[in-house]
Amino acid sequence: MTALTDLIHHFAALLDPADGNAALLSTWITSAQTEDLPHLHAFTRGLEKDRAAVDAALTLPHHNGGTEGVNSRTKLIKRQMYGRASVPARGRADSVRPLCPGHIAVVPTAQPSMADPWLDGPAPRL
């Protein structure tokens with residue numbers, strides 16, 4: 001476990017972009033592959049598959065963090081809006097579900113079971 005902890009700490013240090021990180025990553029990958037940690041070996045194979053992108057991420061100061069933050073916030077607002085705008089489908093053959101802002105589509109829902117406690121009688125057949 002101490003080897004894993006050391007490798008994780010050394011990799012975390014590489015996440016701060018600097019010019020020499022590409023060479024340090026090669027050293028880190030070599031040391032990670034010498035340990036008996038199969039999951040870490042799979043991680044290093046993934047790093048090697050797209051080495052150019054990994055080197056760019058670890059050496060260049062450019063990133064899209066601000067854009068990704070805006071995208072995440074927009075998706076959160078969209079999910080909250082859809083959650084409040086939905087119509088409960090219990091006991092109905094069709095429910096209204098918005099596909100995107102300003103559009104509504106009627107989609108069939110699954111038939112309730114015969115033993116549904118929310119229905120008074122047997123389940124309707126569509």
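This is a predicted model: local features need pLDDT of at least 70, side-chain atom pairs count only at pLDDT 80 or more; totals for chains, interfaces and linings use all residues.

Biologist: Which backbone oxygen does the side chain of Asn21 reach?

Modeller: That of Leu58, at 2.9 Å. Asn21 sits in helix α2; helices (H or I, at least four residues) and strands (E, at least two) are DSSP runs, numbered from the N terminus.

Biologist: Is Asn21 buried or exposed?

Modeller: Buried means under 20% relative accessible area, exposed over 50%, and partly exposed in between (1.4 Å probe, protein chains only). Asn21 comes out at 5%, so it is buried.

Biologist: What is Asn21 in contact with, leaving aside its neighbours within four places in sequence?

Modeller: Contact means heavy atoms within 4.5 Å. By that rule Asn21 touches Leu14, Asp16, Leu58 and Thr59.

Biologist: Now the rings. How many aromatic pairs does the structure hold?

Modeller: A pair of aromatic rings is described by the distance of the centres and the angle of the planes. Rings of Phe, Tyr and Trp (its six-membered ring) pair if their centres lie within 6.5 Å; planes under 30 degrees apart count as stacked, over 60 as edge-to-face and the rest as tilted. There are 3 pairs here. One of them, Phe11 with Trp28, is tilted, with 4.9 Å centre to centre and 45° between the planes. Phe11 belongs to helix α1 (residues 2–14) and Trp28 to helix α2 (residues 21–34), so this pair ties together parts 17 residues apart in sequence.

Biologist: How buried are Phe11 and Trp28?

Modeller: Phe11 is buried at 15% relative accessible area, and Trp28 is buried too, at 5%. Phe11 also pairs edge-to-face with Phe43, at 5.4 Å centre to centre and 85° between the planes. That pair links distant parts of the chain, with Phe43 in helix α3 (residues 38–49), 32 residues from Phe11. Phe43 itself is partly exposed, at 36%. Together, ring pairs join Phe11, Trp28 and Phe43 into a cluster.

Biologist: And what pattern does the whole chain follow?

Modeller: Along the sequence, α-α-α-α-α-β-β, which comes to 5 helices and 2 strands.

Terms used. Residues are numbered from 1 along each chain as its sequence is written. Side-chain values use heavy atoms; hydrogens and water are left out. A polar contact is a pair of N or O atoms within 3.5 Å; within protein, one must be able to donate a hydrogen and the other to accept it, and residues adjacent in sequence count only if both atoms are side-chain atoms.
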